Amino acid sequence: MRRSDRRYRTNHEAERRSKESSGYRKLGYLNRMFSVIQYVTDNANYLHKTCKPPVAPVINEYADAQLHSLVRRLRQRTDFYKRKLVQGDMSSPESSPQTAKPTAVSSTQESSAKLKEEHSQKAPLTEYLKRLRLPKSIDSYTDRFYLLWLSLVTIAFNWNCWFIPLRVVFPYQTPHNTHYWLITDLICDTIYLFDLLLIQPRLQFMRGGDIIVDSNELKRHYRNSTKFQLDMASIMPFDVFYLVFGFNPIFRTNRMLKYSSFFEFNHHLESIMNKAYIYRVIRTTGYLLFTLHINACMYYWASNYEGIGSTRWVYDGEGNKYLRCYYWAVRTLITIGGLPEPQTSFEIVFQLLNFFSGVFVFSSLIGQMQDVIGAATANQNNFRICMDHTIAYMNTYSIPKIVQNRVRTWYEYTWASQRMLDESDLLETLPTTMQLALTVDVNFGVISKVDLFKASASPGCDTQMIYDMLLRLKSIVYLPGDFVCKKGEIGKEMYIIKQGEVQVLGGADGTQVLVTLKAGAVFGEISLLAARGGNRRTANVVAHGFANLLTLDKKTLQEILVHYPDSEKLLMKKARVLLKNKAPGTGATPPNKGLAFLFPPKQETPKMFKALLGSSGKAGLARLLTLKREQTAQRKDENQEEENKGKESEDKGRATAEKPLETSKCETSSITAEEAPQATRKAVLPRGTTRHSLIISMAPSAEAGEEVLTIEVKEKAKQ
């Protein structure tokens, strides 16, 4: 037994030593690698500090950073293996608790995992409950949850307004359906109570220009308001009298006092609707139907008071009670007539009061309906009035029908596209901050693309200057074929295409489409910053279809730049750069076709040489050749005379040498003046006391529109 234990211990010792030796070998290998890399990085740092690298310093910094990161990772790996080896040495293979530790660890891990799972399962529920929790304060103008709650309160209010009079007068509430009415009443009372206790005390209010959000202040403000008194009166539990007087809905009449929430709901709903006049018409119609409903209930009550079917005037008890009474109410309020005459004094008084109230209520509702419809169509009426005045003006001055049709087309398209003739009229009624907010949302994305006003560049324009410029933009609608600008006119405006397309025309006849600009394109921006009087337009721009353009004139821009001198300097600098880039000389020339690419383009004749010509230098080729022959013959005669008389005395030689020259000059000038006054012109320029004379002549070349300049240097005869 002892021998086996010794063998077992010996084997374990051998295994442990082999593991330790392998671990130490790995650790030694890692230490050697770490020392080598550390040596390399130290040398690199030393060389980087002492010597100037031949390459850019950014590359060295990158290499240094990569080496440092590699060293850091190796250090982390070395520390990891060190900790692992140390933990292995501390644990003994003979100790029995080794098998128990992993189970404990595993049990703790399992318990923690279970807790995490339970927490993850509970988290969505708690988050959902947090979302359902009411905020401390509610903004009644922007919170959509409050609008939904008001709609629920409005439904409960309308239920009480329509069905309480119906249940009081008509015998529709019976012992068989009492529980249904009770459940509905309980739901409405619960909505009223929640609104009184939880919603209304959280509404924000204004005091001295500040928005109050403190919960105590909100509760105090609500309790001191008239709305709280009405809400309290509407929720008073008069239903307890059911126990004494029986189930009579007349004790719920106070529920109709919560009318403030109904009108508040109407106000908020109209503020968020695109076409609020539709809801106003529906609401006014509802007022009329409710008035008729109340009148029908009163007629049935009067009939029941007099006795059903007792006279011809009262309800006879046949057919549907509510429909028959409602029909009578409609004929009475609208004063159609044809009703049976009242018989008793009660019937006469009731009918008189009904007529008076009907005329008043019905006329009020009709007037309100007219106001609603008139407000809905006010813009269209103004458009029609303006169009009628314009047509009357054109007819007065006998404007041609073509022009009148174009004017009508402009009115119709402008109204159909933007439902108004001038957008500035609408914006003028708003404060400046609201105008800026609207124009930034609509036009800032377009004007920020203009190279002249880009604020994203490094030397960008002032953003506030761009905002001021957005407020001055004007919208103009062009019809198909209208000229936005014409070639040669002075440019005083910049155009931004908001909607539609325009075409830039050019070519020999001015009808060739050079380019088509679409929505978002800008042209004419250079003309705004021209030094003197603006630039002239270089092409015609025509609207292709209906086009809506935003314009900014030069005068408006100058008024804005008075307050932004730095932006003015920057814009002038940008304008010079854009003008240089868009100059015709720097533009790209079209490629030559055929064999023309082998020959470079001919340069233009200098202006100085053109000035020497005076008039047109186009003469016949025959005259030019004749003149050239005569000049050559004269030169030969002069040369022969100079050779024959060269041996004489100096004075005589000079005289004989100068005389032929003068005669040749005279003859040449006479020939030029008589035979070719427009073909060739010469000028002899004596150069002081020098022995040279210059003969400059201009003659037309074989190509049309070009001249050849000839300069001859001639030495005078020696003595």
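Reader: Does C161 count as buried or exposed?

Author: The scale is relative accessible area, where buried means under 20%, exposed over 50% and partly exposed in between (1.4 Å probe, protein chains only). C161 stands at 7% relative accessibility and therefore counts as buried. Please bear in mind that this is a predicted model, in which local features need pLDDT of at least 70 and side-chain atom pairs count only at pLDDT 80 or more, while totals for chains, interfaces and linings use all residues. Residues are numbered from 1 along each chain as its sequence is written, and side-chain values use heavy atoms, with hydrogens and water left out.

Reader: How many disulfides are found in the whole structure, and how far is the sulfur of C325 from the closest cysteine sulfur?

Author: A disulfide is called when two cysteine sulfur atoms lie within 2.5 Å, and the search of the whole structure returns zero of them. For C325, the closest cysteine sulfur belongs to C297 and is 8.3 Å away, which is too far for a bond. C325 itself has 0% relative accessibility, so it counts as buried.

Reader: How many salt bridges does the structure hold, and which residue pairs with K258?

Author: Side chains of opposite charge can pair when their charged atoms come close. The criterion is a side-chain nitrogen of Lys or Arg within 4 Å of a carboxyl oxygen of Asp or Glu, and the structure holds 16 such salt bridges. K258 pairs with D195, their closest N and O atoms being 2.9 Å apart. This pair joins distant parts of the chain, 63 residues apart, with K258 in the loop between helix 8 and helix 9 (259–272) and D195 in helix 5 (residues 178–199). Helices (H or I, at least four residues) and strands (E, at least two) are DSSP runs numbered from the N terminus. Both K258 and D195 are buried.

Reader: Where do the partners D239 and R255 lie, and which residues make up the network of salt bridges?

Author: The side chains of D239 and R255 form a salt bridge with an N to O distance of 2.7 Å. D239 is in the loop between helix 7 and helix 8, whereas R255 is in the loop between helix 8 and helix 9, so that distant parts of the chain, 16 residues apart, are linked. D239 and R255 are both buried. The network that includes them also contains R167, D185, D189 and R252.

Reader: How does the salt bridge of E270 and R280 relate to the helices?

Author: Their side chains meet at 3.5 Å, N to O. Because E270 lies in helix 9 and R280 in helix 10 (residues 276–306), the pair ties together parts that are 10 residues apart in sequence. E270 is buried at a relative accessible area of 16%, while R280, at 28% relative accessibility, counts as partly exposed.

Reader: What is N160 in contact with?

Author: Contact means heavy atoms within 4.5 Å. Neighbours within four places in sequence aside, N160 is in contact with P165, C188, Y192, R252, R255 and M256. N160 sits in helix 4 (residues 144–169) and is buried, with a relative accessible area of 0%.

Reader: Which members of the largest nonpolar core touch the most other members?

Author: A nonpolar core is a set of buried Ala, Val, Leu, Ile, Met, Phe, Trp, Tyr and Cys residues joined through side-chain atoms within 4.5 Å. The largest one has 25 residues, of which I447, F453, M465 and M469 touch the most other members. Elements giving two or more residues to this core include helix 16 (432–447), helix 17 (463–471), strand 5 (493–506) and strand 8 (540–553). Leaving out residues up to four places away in sequence, F453 touches I447, C461, I466, M469, M494, L528, L557 and L571. Apart from this core lies another of 21 residues, including L150, I191, I235 and F262.

Reader: Which residues are in contact with V542?

Author: V542 is in strand 8 and, at 11% relative accessibility, counts as buried. Beyond its neighbours within four places in sequence, V542 is in contact with G481, D482, F483, V502, Q503 and L505. V542 and D482 are 60 residues apart in sequence, yet their C-alpha atoms are 5.6 Å apart in space.
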